[in-house]
Amino acid sequence: MKSPILLLLLALGLLTSCSTQPEPINYGTDVCHFCKMTIVSKTHAAQAVSNKGKQFKYDAIECMVNDLNMENKAEMSILLVANYLNAGEMLPAEKATYIITPNIPSPMGGNLSATANNADAEKLKAENGGELFDWNALKNRKVQPNHGHH
Amino acid sequence: MKLHLGIILFFISSFAHAKTIEVCITCEVKTLKEGINLAEDGDTILIKKGIYKEHDVHIINKAIHIKGEDNPVIDGENKGTVISIRGENFTIEGLTIINVGRSYTKDFAAILVSESSNFTIKNNILENVFFGILLEKSTDGLIEGNKISSQAVSEANSGNGIHLWYSKKITIHNNKVRQMRDGIYIEFGDNCIVTNNRAHENVRYGLHFMFSNYNEYHYNVFEENGAGVAVMFSKFINMSNNTFRKSWGDASYGLLLKEINDSELNNNTFDQNTIGINADGATRVTYIQNDFTNNGYAIKVHGACYNNTFKENNFLHNAFDVGYSGRMNYNVFDNNYWSSYSGYDLDKDGIGDVPYRPVRLFSHIVNKTPESIVLLRSLFIDMVDFSERVSPIFTPAELIDENPRMRRILWSK
């Protein structure tokens, strides 16, 4: 009688211990995996979870992009980026639209922000100028601090 | 002849108009904004004691001097930036600015200076601010004697005390910055000088350099900040005579070095920090005559640190003098004083006759298993450390101070 419940509990335990769910970012405490800065910006943070459940947190989207471009990087099952227009909300990286504009600085100098959809991004572009990208275009790009715009 | 007359007229007009505009509750001019509308190049706006509820005060291309008498208070009522200014040759002095608005997407400041040059911001008191003094694309400025504070609890909803963005040749002298996110943040800033400031209880860093080259900071005190100073992605930084104290806790450092080249660190004091210096990607940095006292780790060296020189430093009573996360060493330790050195000096030349190995094996064990720190003062660990010193297996074999000093090195403070 008890054994199915026990089995269920065991299975649950196994499931949770191998969870690939993203942990919430502790702003002000967690440190960026790539640049070691404390994560503070609720409008620019990013995070990734590997297939094995390892958590990676970043203070800026450019840090995640640069980190993913490193050699021997683990396979990621979840990639999230902060919604610039709704502080604290994390969006799936593949579905977000990105803007790079010198008028919206980001923590690591990439001037890169993410929005939930194309319409939001177009609106930001109309106000601030800049260039729009989808995830595929962005991830192959080396996002460097922009020294050249002043 | 006409030209001469023109020049003469120009001088007369410019002198004739250098006037002082008084602003007070009972004056003809009652607000700062009115005063600024009336002011022309060279004028002084004298603001008398009182409380002025004003925000979004814009000053564009007016070389004026704003001077507070008996600390007049400008209350921004939590609505955006209080004073924003763009121009040349201006001064903002003696004001108390309180209650700056907060935002996730806009960097509201007590004083925002953009695309300006030759200015002075002096002896102001900024309280309950989001950003204190924010400089954008400005050069040749002096920021002196200001007191900036807020009640930053978490980093996310707080701004920086003094923030330089794409600014050059700025002098930051004798300011006090407390309870902000970063006390002073220099982002894309070159040729700046930071002296005699006091940054304490800031949530992230006391002083922060990012993508900034050819800067120097001296005689500053950093106390109880998340980290005292962080120098990241920068070159040619000269750091001397600073005090880094009481950065205590997880991810807390006196000084955090991350991707820094060709810099000097002389005559600084690191006292009671979890980690005195945390170096990751530091290359060609010299550390001469610094004191490391009562830290958890005096220095922790991570990957990619090449050609660093540690000379004539005092390592006094740290739980660990040097922590290394690898077996390789490309750095030089020479002529330092180590309080835990137990060698002898038979020829009495002041230099120990047996070399000193600053990396304890136990620091490796603690790195791998943090809980093992409870064994810190145990005899067993002393034995483990001793055997590793005799024949190094896990620690970098060539990491040796060949000339450990027998006495503390004296350098003038």
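In which loop of chain B does B:Asn213 lie? Select that residue, and you will find B:Asn213 in the loop between strand E22 (205-210) and strand E23 (215-218) of chain B, where helices (H or I, at least four residues) and strands (E, at least two) are DSSP runs numbered from the N terminus. This is a predicted model, in which local features need pLDDT of at least 70 and side-chain atom pairs count only at pLDDT 80 or more, while totals for chains, interfaces and linings use all residues. Residues are numbered from 1 along each chain as its sequence is written, and chains are lettered from A and ligands numbered from 1 in the order in which they are written.

**Around B:Asn213**

B:Asn213 counts as partly exposed because 17 other C-beta atoms lie within 10 Å; a residue is buried if 20 or more other C-beta atoms lie within 10 Å of its own, exposed if 12 or fewer, and partly exposed in between, with C-beta atoms placed from the backbone. If you then pick B:Ile260, which is 47 residues away along the chain, the distance between its C-alpha atom and that of B:Asn213 is 9.6 Å.

**Chain B as a whole**

Zoom out to chain B, whose C-alpha trace spans about 90 × 50 × 30 Å along its principal axes. Its secondary structure consists of four helices and 37 strands, and 44% of its 413 residues count as buried. Of the contacts in chain B with a separation of 6 or more, 45% come from residues 24 or more positions apart.

Now select strand E5 (residues 65-68) of chain B, which has a covered face formed by B:Ile66 and B:Gly68, and an uncovered one formed by B:His65 and B:Lys67. Strand E2 (residues 44-47) of chain B pairs with E5(B) in the parallel sense over four bridges, two strands being paired if DSSP finds at least two bridges between them. Within that pairing, B:Ile47 has B:Gly68 as its bridge partner. E5(B) also pairs with E8(B), again in the parallel sense, over three bridges, and here B:Lys67 stands opposite B:Glu93.

Move on to B:Glu93 itself, which is found in strand E8 (residues 88-93) of chain B and is partly exposed, because it has 19 C-beta neighbours inside 10 Å. Beyond its neighbours within four places in sequence, B:Glu93 is in contact with B:Ile66, B:Lys67, B:Gly68, B:Lys122 and B:Asn123. B:Thr120, 27 residues from B:Glu93 in sequence, is 7.9 Å from it, C-alpha to C-alpha.

**Over to chain A**

Where the two chains touch, the contact takes 13 residues from chain A and 16 residues from chain B. Select chain A next, which follows the pattern α-β-β-α-β-β-β-β-α-β-α along its sequence and has 39% of its 150 residues buried.

What is the order of strands in the open sheet of chain A? Three strands form it in the order E6-E5-E7 (chain A), with antiparallel pairing. E6 and strand E7 (131-134) of chain A are the edge strands, each pairing on one side only. Four bridges join strand E5 (residues 97-100) of chain A to E6(A), and among the paired residues are A:Thr97 and its bridge partner A:Thr115.

Select helix H2 (residues 61-68) of chain A, and colour its buried residues, A:Ile61, A:Glu62, A:Cys63, A:Met64 and A:Val65. They pack against several elements of chain A, including strand E3 (76-82) and helix H4 (135-139).

End at A:Val81, which touches A:Ala46, A:Ile61, A:Met90, A:Leu91, A:Ala93, A:Ala96 and A:Ala114, not counting residues up to four places away in sequence. A:Val81 is listed with A:Ala46, B:Ala109 and B:Ile111 as having the most contacts inside the largest nonpolar core, which has 137 residues; such a core is a set of buried Ala, Val, Leu, Ile, Met, Phe, Trp, Tyr and Cys residues joined through C-beta atoms within 7 Å.

Terms used. Contact = placed C-beta atoms within 7 Å.
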